[in-house]
Each structure stands twice: as structure tokens, then as C-alpha cells.
Amino acid sequence: MFRNRYISFNKQRNYIRQRYNAPSQFSTKERYTEVNGDDNMSTTSNNGFTQIDIYNDEKINEELSKENSEVTSEENSETTSDDEDEVTSEEDLETASDNEDETTSEEDPDENEITNEEDFDDEINVDKSFSNEQMPRNFGDFAPYFSNITEALFFCWMQKHNISTRAYDELVDIIHHPQFRSKDVIPNSRRFRKYRQRLPLLPIKSRRMYFGPGQEVTNNKEFWHGNVWKESLRFGQSSITIANVTYRSGDFVMYKESNERRLGRILAIIQQDNRLKIKIQRILRYEELPKNLQSNSRKERSREGEVWFFDREMDNAIAIVELQVIVKLVLISILYDNVSNGHAIKICEILYKYNDRWKLRDVKYSYQLPSEFAPLEEPVTNCPVYKLFIDLYYDDFGTFRNVYHSLGGVYIQVGNMPFYERKHLKNHFVLGFVPFGGSFDEFIKPFIAEMKVLEKGKIINVQGNECLVIASLGNITSDLVQGNDLAGVKRHGANRGCRTCNATKDSLTSDVDLQLISRYHQQSDRQFEEICAASTLSECKNLATEYGLHLQPPILSQLRWERHLQSPQDAFHATAGKVLRFLKITIDAFLPEGKSKFIITWKSFEYPRTWHKLPNPISHIDSFMMSDCLRLAMVIPFILNRFLKPQHFKQSEIEKLQIRMGISRSDLAVKLWVKCWILVAKTMAMAFKSSFTEEDYTELRECLDNERKLLSQAFKDFENLPNLHVNFHLMQHAKSYATLLNTSVGTKEMVHRIFKNYVPQTNLKNVSLDLLKRYTTLFAVRHLLDGGIDMRFFTSNYGFMNLPHHLQRMMSDWFIIKGEVNLEDDADEVYLKKRIIRRYVDASLLLNFQAELALAYEDLEDYSMNQNSSPVFFEFARFYIKENDDIVQCRLHVGDIVSINTEEFGGSFAVIRAIFYHQKNNFRSTFIIVDWFEDMNRTKLGCPVYRLQMANNWRRIFSISLVNAVNAVHFVYDDECAGGNHDFRNNLYMRNLYLFNYV
């Protein structure tokens with residue numbers, strides 16, 4: 001539908017991210033430790049947890065030598081190290097059972113990465129050649145290094161091109177394919193450039209999309225749950241016929257309520273409980289106004305037909321009514337500019353509340369309904385009508401590491417897709433790239449021309465059917481700077497540099513009556529007209545400065561959208577920038593001793609297992625990415641709580657905080673500092689919730705207000721900060737688009753990375769064109785893999801559709817492909833890995849084993865007697881579950897936190913202590929052994945406190961099929977550890993309520 005745009009304009013230390021390896025409170029190595037030969041490693045045990053001395057030089061050398069010996073034996077036996085411990089079939093299980101006394105030779109790469117940043121006095125040779133005895137005894141031209149020329153050539157090729165393990169595995173899959181023939185291999189890679197022209201370049205297959213009225217639900221999550229969709233004729237339902245009368249969004253009606261006839265305005269025609277209903281904004285008569293506002297003047301005007309809007313944000317201002325209560329249409333004029341259209345009834349003011357006091361404001365200080373600024377006359381047709389919600393994203397990204405040369409990426413998303421589809425990178429579609437130094441206005445003109453046609457409606461053939469497609473701009477997402485440009489507002493350095501309101505730069509965080517200073521489309525239209533009508537350039541600039549606007553309306557104003565309401569502030573950029581500033585303030589306030597304590601605690605903290613290593617917050621703060629800032633903010637309240645004392649701060653910083661907040665004691669100032677971080681973390685978690693109830697909206701408003709007031713009062717650097725000023729508007733954006741995740745750019749920022757990674761592989765001469773050619777090629781492949789029809793041949797390509805199962809690995813991590821799994825075949829399949837030898841299993845896990853196992857089988861409706869077979873234990877399990885119509889792969893590790901789907905334990909959390917399979921009636925079932933967390937009904941740092949129950953009176957064995965959430969929560973030790981040493985006898989934990997997924 002939209003064509004890609006290409007415009008040519010001729011105008012000391014590397015840091016490597018790794019997974020966290022800090023000691024985890026549930027680390028596998030704390031329970032199951034397998035040592036080659038004698039137990040040479042120093043271990044200590046506390047409450048069933050085993051700790052290993054990993055910093056003993058001599059022992060490390062011995063272990064390295066033994067691992068080298070094991071590698072030699074593995075090469076001689078020609079085994080595959082990555083998969084040899086994975087158990088999937090009965091034959092594999094039988095082999096594992098027969099070899100129970102053998103030790104496992106693999107280590108989990110995630111668990112085996114040991115980082116010690118301290119300097120050793122003695123040098124350690126960690127990479128050395130095999131000794132003569134360790135070398136393999138093979139023969140041939142390449143002996144003893146390689147067995148044959150194939151091994152030698154592959155080794156040299158991998159070293160030359162730095163081939164990744166994943167890429168090599170995919171190559172092996174291709175070579176071992178039964179239909180692969182070496183004579184068919186293309187000798188010249190340039191020929192593939194011609195092959196791309198055979199593909200149906202850049203068709204887009206739409207699926208799983210919603211078209212229909214806005215929905216009124218309890219948990220608001222999708223675009224069609226937000227006010228913009230509900231109220232717009234261009235996205236939701238535009239009209240409804242009741243008793244042969246057509247009612248549209250924006251019409252005034254008389255309706256029945258409590259046996260009384262009232263006036264109201266139709267905001268939206270919505271769907272609730274699968275029934276169409278009407279959402280009405282109440283209109284008040286004079287007698288219903290608060291007593292302090294019932295003046296003689298308003299009484300006289302009411303006799304002349306004046307009524308009053310009840311602000312929609314007030315309690316009981318909105319009514320959702322059944323269709324049959326609508327009585328008739330009523331003609332009412334809204335006097336935005338004091339010009340009446342002759343109707344007897346008119347509205348001039350709106351009743352609202354500010355600082356708990358009732359007030360009235362002029363009706364011009366309100367947002368118009370979409371029916372006013374974006375009307376729609378639907379063509380009369382018998383074709384199906386599809387209304388598309390277009391989400392436009394524009395942002396610059398640097399193409400080179402050390403040279404400033406940016407490209408402006410312009411992407412669109414179709415808001416009709418559900419959220420779980422929109423978060424996939426493959427569903428972000430590229431319009432093109434604005435070249436370095438190029439003009440966005442020139443670039444976007446063809447898009448605007450096509451959108452103007454689609455706004456009116458266009459007949460399009462969709463999968464062989466004639467359909468009427470109406471596409472409109474739903475929202476524009478960008479960062480704080482470019483978002484202002486797209487809305488035609490000056491940037492944040494100007495006196496009025498907010499695109500949502502008219503707050504001045506010296507009052508950005510002050511308490512203001514937001515309704516009276518907000519920007520409204522109808523007002524800025526008149527301001528642009530006034531600027532353009534000025535007689536001199538100097539007068540134009542003065543007016544533009546006064547209003548905080550550009551000299552010309554933005555080019556996107558040619559489309560039907562509300563430039564201030566539908567260009568929401570991005571919570572992702574705003575929150576990350578705010579966190580980064582607070583982090584720098586905190587670190588700069590530390591003395592050297594405080595920084596040292598912070599780093600010690602930061603290194604030893606028990607981070608979520610799925611996280612990757614963060615840069616050092618002290619030495620690498622300037623290299624923090626936005627995602628790094630958000631992640632550190634989720635855990636920093638717990639880190640500070642473990643060590644922070646007044647002596648860790650500079651005295652001047654403590655005194656500043658005491659003076660600003662009126663605190664006399666330094667220890668209270670430290671507690672207030674931690675409280676500020678708690679509030680930041682809580683507000684951030686609320687802002688990035690995946691769905692909102694009405695109670696959540698209320699809590700979000702409170703968090704945003706409290707954070708703005710506390711930070712701006714406590715720290716001078718937060719006064720009038722644009723990132724903090726955004727708190728005024730995020731609540732409105734959340735209601736307009738259901739959630740803030742729907743308008744944040746977290747996932748969209750990841751799209752940049754795809755193209756940035758490809759830039760070094762281009763000739764660097766015409767980067768934007770090369771990126772577009774690659775993109776169109778990839779999406780042509782995607783179209784064929786999805787079973788799309790090539791209109792040149794009117795058929796799908798079954799060769800692409802039916803790729804062999806063992807080649808799916810090549811497709812699984814490709815962003816244009818979603819790894820498909822046959823749920824019927826794999827739903828009950830559990831893949832087990834890394835066997836645990838029985839003698840290394842904690843004996844306490846086997847107490848009352850048979851009785852508990854019988855209960856676990858009863859959960860599976862198996863009431864037969866247990867056979868006396870021994871369980872076989874493993875460290876890992878992998879299985880599939882169905883979630884949101886998607887097939888999701890779950891990886892289970894000993895030490896993970898899970899919730900279990902049973903009536904008895906529903907909503908409770910447990911830590912996995914063991915994973916095992918058991919054979920019964922020639923059928924093997926997989927189970928887990930857990931320790932439960934007991935809620936202590938108290939809180940700390942704003943989080944609930946739990947106790948880890950290790951008593952035997954709690955049921956502990958369950959089928960793995962009952963697991964319904966893995967690592968969805970994060971538990972933190974409730975202790976103040978000294979030097980990173982936890983007291984493992986303390987079994988109290990805090991559940992981290994500030995953990996969230998920001999993409």
C-alpha cells in the first residue's frame with residue numbers, strides 16, 4: 001500500500017556485554033556441584049546451599065587441565081558438545097538412565113562465565129596448547145591437528161570470517177539436508193543479487209488484525225481500548241441507527257436516566273460485553289452546578305438556553321447507556337469562538353475541579369472530538385470496509401560508530417494488530433530513510449499524497465476480494481525533540497517548548513491548572529494563521545516565539561489528525577533520561593568510600609537470570625543505553641538499602657537536601673534519598689504496565705504527581721526538567737491509547753539496530769539505498785515463507801512454506817520470521833538437559849517422595865499405583881505452552897521462580913529445587929520439586945516480604961505441565977549484606993514489584 005521511499009541528496013577500552021554471573025540466591029551450583037576426581041574445590045554449605053571457592057588459582061589450573069583432558073576424549077569420540085546432554089527421545093532417556101554413575105561434562109555457558117575484575121598478583125595461563133599426551137592419535141595429511149581436509153578447511157574458514165556458532169550450525173543443517181547436492185552450490189555469490197529480482201518484492205500480508213468499534217473492557221491494553229479509537233469515526237464505529245434515526249459520534253441527544261430525561265453528547269459508539277452501547281458525556285443544567293458557581297449572570301443565561309459540559313475526567317461525568325434509552329437528537333451549539341450557529345441551546349463553559357475546588361473554564365480550553373477535526377463521510381458500498389490505524393515513527397540513528405552520520409528512519413505500524421503482534425520487529429514496516437542533511441518534509445510528501453487518497457477510502461483487492469480501505473493517521477511517535485518538530489512546536493530550549501501544553505521553561509514542574517494552558521488544535525490553527533498573516537518576517541518570528549510554534553504549520557497538518565493530542569510524549573525516552581540524570585546525581589554525591597561500597601553491592605546483587613550484564617555505573621555511566629538505565633532503576637532501591645549510610649555521602653550534598661526538604665538529621669536525609677529512588681522505580685513500573693484498569697489509572701496519576709513534586713523539591717537539577725514535565729501529560733496519553741506501551745518507542749528503537757548492524761556490510765557509498773534494497777528482499781522472503789501469493793503467478797510457493805523441520809533453526813532467530821512450532825506434536829514434549837548424578841541430589845528433596853509423587857500423578861488424572869522406578873534428575877527443561885494464540889517456548893532452570901496452576905496454590909510463588917522425569921507404565925513424565933514462598937503480610941521498600949518455606953509440611957512435587965509462569969517475578973534477599981556476603985540462614989525475601997518488561 002505504501003511504497004518505500006528513497007531520495008538521494010548530494011550534499012581505552014572495549015566493554016563486552018555478558019550475562020550476569022553474580023551469585024544468585026538460587027544458583028544451580030549452590031546445590032548441585034559436580035567435581036572431576038577428588039573434591040579439590042573449597043565448598044561450604046548453608047541450609048542446603050553449596051558455595052564454591054572459585055578464586056583459588058591452583059584449583060582453577062587443575063580444573064582447566066582436567067577440562068582439556070575431557071575435550072580430547074570428546075573429540076576422539078566425535079560427540080557434539082552442545083546437544084549431547086539434551087534428552088528428548090526414549091532412547092536418549094534410556095541411555096541417560098544406564099549411565100547414571102557417569103559425571104556430566106558440560107557446563108551451562110550462562111552459569112560458567114566467571115568474572116573476576118580484581119588483579120591477580122601471579123599470572124595464570126588460561127589458554128595453552130595440549131601436551132603431547134593430550135593430542136589425538138589420528139592419521140592423514142593434516143594429522144595430528146585435523147582428521148581430514150574438511151575439518152581443516154572449515155576451521156580456517158571459521159577463523160578467517162569469525163563465523164558464529166549459530167551460523168555454523170545452520171550451515172551444517174543445510175549440508176546435511178537429504179536433498180542437498182554440492183554440484184548445485186552457486187559458485188559466485190553475486191548471482192544471488194539477481195535472484196532477489198525473482199522475488200515478489202515487498203508485499204505485505206495482513207493478518208490477526210482488528211476492525212470494529214472501540215471496546216469497553218476492564219483491562220485496557222490495545223489501541224481499540226483507548227479513547228482515540230473509540231471516539232474517532234476513522235477507526236471505530238461512526239454511526240448507529242435507532243428507530244430509523246442515525247446517530248453519530250459527536251451528536252447531542254436526549255436520553256433517559258433514572259426515569260428522568262437528560263441531555264448529553266455521544267462520545268463514542270462502543271462494544272461492551274459483545275453488545276453495542278453508547279458512551280455519553282453528561283450535560284448539566286444550572287440547578288446542577290455547585291452552589292458557589294450559581295451566579296445571577298449564569299442563572300439569566302440558563303433561561304436563554306445555556307447549559308454546561310461536565311468535564312469528562314470527573315467522576316460520574318461519563319455514562320454508558322443501552323441503545324433503547326436514547327430518545328432523540330438535540331441541536332446544541334458549542335461556542336468555541338463565541339459564534340453561534342443559531343441553535344437555541346448552547347454551551348460556553350465546562351465544569352471541572354482543580355485542587356479540590358469546583359471551577360468553570362471556557363469551552364475553548366478543551367479538545368475537540370475527532371468528528372470535528374477529522375470528519376468522515378463513508379462511501380456507500382456493499383464491499384467490506386476496513387479502517388486502518390497508522391502509527392508513524394520517525395527518529396534519527398547513527399550509522400557509524402565513530403563518525404557522526406545519521407539517517408532518519410521512518411517506519412509505520414498498523415495499530416489494528418494486537419499488542420503481542422506489534423511488538424515483533426517484523427511488524428515494523430520501513431517507509432524509507434531520510435539521508436544525512438536531507439529534509440523530512442521532502443521525504444514525506446509522497447506518503448502524504450497516498451494518505452490523502454486513503455483517508456477518503458479506496459477500493460483495494462485484499463486476498464482476491466474487493467474491499468474499501470480507509471487509512472488514517474492514528475498517532476505519531478518520536479523522541480522529545482523530533483516529536484516537537486512533527487507537531488510544529490519549538491524544541492524544549494524555547495520558552496514554550498512543550499508540544500502538549502503552553503508551560504514556560506521556568507515553570508515546567510510547577511503546579512499549574514493544566515486545562516487552561518494545554519495546546520488545542522483549534523487554537524494553534526488560529527495561531528499559525530496569525531503568524532503567516534504577519535506583514536514582516538520580524539513580526540512572524542516574534543509571534544512564533546510568543547506561541548512557541550514554527551513559522552509554518554507542520555507538513556503532517558495536511559492530514560486529518562490532532563497535532564497535540566495525537567503526538568504523545570514518549571514515556572521510554574522521558575523515563576530513561578530522568579533515571580540517567582538521577583543516577584548521575586546520586587553517584588556524584590558519593591564519597592570515594594560510598595562509590596566503592598556501591599560497586600561491591602552492585603556486583604553481588606542477585607539480578608534476574610534473564611538479564612545481561614550492565615556496564616559499570618561508576619566508570620561507564622556515559623555509555624549507558626536507555627535500557628540499561630531502566631533496568632538499573634528496577635533494582636537500585638534494594639542496592640542502596642543494603643549499604644547506604646550518611647558517611648557514604650559528601651557532607652555538602654546531604655546539607656543541600658536537608659535545607660531543601662527541611663530535614664534536621666542526616667540519617668533521615670539518606671532515607672529520603674532512598675525513598676526518592678523507590679518512587680522513581682514505582683512510577684516507572686506503573687508507566688510501563690501492559691494493561692490498565694480504572695484503579696491503575698488512578699494510581700498512575702498519583703505516582704506521576706508525587707514523583708514530579710518530590711524530585712523537583714528535593715533536587716535542583718530536576719527543577720523545570722522537560723523529562724519530568726512530561727509527567728503532566730502521561731496520564732492523558734495512557735487513556736487516549738489505553739497504555740503508555742502503545743505509544744512508547746522501546747521496540748521501535750530496536751529496529752534501528754537491525755539496520756545499524758547491516759551498515760558495515762554495505763559499500764558505504766549509498767547507505768540508505770542499500771538498506772532499502774536489503775529490507776525489500778527480506779520482506780519478499782517473509783511473504784513467501786508466510787504462504788503469500790505472488791500475483792505474477794497467482795499461487796503460493798510450497799517449497800518455502802514447507803521447510804523441513806530441522807532447518808527451522810536457521811529461521812528461528814531471523815527477525816522477519818516467527819519460529820513456528822507444531823503444538824500438536826510438541827505440546828507434551830519436554831526436553832531435558834544436563835543430568836544430575838543421584839549422589840549429588842540433596843537428600844532432603846527425597847523425603848516423602850513416593851507419597852508426593854502419587855499426588856502429582858493424581859493432578860494428571862492418573863490414579864494407578866506408582867511403579868518402583870528411580871527418578872532421573874536434570875538441571876534444565878524446555879517445553880512449549882500456548883499464550884495469546886502464540887506458541888511460547890519456556891526454559892526452566894533449577895533455581896527459577898515459578899507459579900503453579902493449581903487451585904490450592906494459585907497465585908503463589910515457588911523456587912525450583914529439582915527437575916526430574918519418572919517412568920510409569922512405559923511412559924515418562926516430567927516433574928519439579930519446589931520450595932514455596934509464604935507471604936508475611938508486611939512490606940519493605942514498598943514491596944511485600946516473603947519467607948522461603950523449606951519445611952516438609954508443604955507439598956513440593958508437581959507436574960511440569962502445571963507451570964504457568966517462569967521468572968515473571970524477581971525475589972531479592974531481605975538483608976543488609978556486608979561486602980556482598982549474604983546471610984544464607986536468612987530465608988526472608990522481598991518480591992520486586994518494580995520489575996517490568998519495557999518492550
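An open sheet of five strands runs in the order β17-β16-β15-β19-β18, with mixed pairing; two strands are taken as paired if DSSP finds at least two bridges between them. Strands of a sheet pair through backbone hydrogen bonds, either parallel or antiparallel. The model is predicted, with local features requiring a pLDDT of at least 70 and side-chain atom pairs counted only at pLDDT 80 or more, while totals for chains, interfaces and linings use all residues. Residues are numbered from 1 along each chain as its sequence is written, and side-chain values use heavy atoms, with hydrogens and water left out. Helices (H or I, at least four residues) and strands (E, at least two) are DSSP runs, numbered from the N terminus.

Strands β17 (429–434) and β18 (458–462) stand at the edges of the sheet, and each has a single partner strand, so one side of each is left without a neighbour in the sheet. From one strand to the next, the twist averages 40 degrees. Strand β16 (residues 406–414) is joined to β17 by five bridges, and the two run antiparallel. Glycine 408 stands opposite valine 434 in β17.

Two helices lie across strands of this sheet. Helix α24 (residues 746–758) lies across β15 (385–398), β16, β17 and β19 (465–477), and runs at about 60 degrees to β15. Helix α25 (residues 767–785) lies across β16 and β17, at about 170 degrees to β17. Axes are lines fitted to C-alpha atoms, for helices over the stretch in contact, and angles run from 0 to 180 degrees between N-to-C directions. Contact means heavy atoms within 4.5 Å.

Leucine 468 is located in strand β19. This leucine 468 is buried, with a relative accessible area of 4% (buried means under 20% relative accessible area, exposed over 50%, and partly exposed in between, with a 1.4 Å probe and protein chains only). Not counting residues up to four places away in sequence, leucine 468 touches Pro379, Thr381, Cys383, Pro384, Val385, Tyr386, Gly457, Lys458 and Ile459. The C-alpha atoms of leucine 468 and threonine 381 are separated by 8.0 Å, although the two residues are 87 residues apart along the chain.

A search of the whole structure finds 42 aromatic pairs. Rings of Phe, Tyr and Trp (its six-membered ring) pair if their centres lie within 6.5 Å; planes under 30 degrees apart count as stacked, over 60 as edge-to-face and the rest as tilted. The ring centres of phenylalanine 211 and tyrosine 386 are 4.7 Å apart and the planes are at 55 degrees, so this pair is tilted. The pair links distant parts of the chain, 175 residues apart: phenylalanine 211 is in the loop between α6 (191–195) and β3 (214–215), and tyrosine 386 is in strand β15. Phenylalanine 211 is partly exposed, with a relative accessible area of 30%, and tyrosine 386 is partly exposed at 29%. Tryptophan 224 and tryptophan 229 form an edge-to-face pair, 5.7 Å centre to centre with 70 degrees between the planes. Tryptophan 224 is buried, with a relative accessible area of 7%, and tryptophan 229 is buried at 0%. One aromatic cluster is formed by Phe582, Phe590, Phe598, Phe643, Phe649, Trp673, Trp677, Phe715 and Phe718.

Helix α16 (residues 571–589) and helix α18 (residues 626–643) pack at an angle of about 65 degrees, with their axes 9 Å apart. Residues making this contact include Phe572, Val579 and Leu583 of α16 and Met626, Leu630 and Ile636 of α18.
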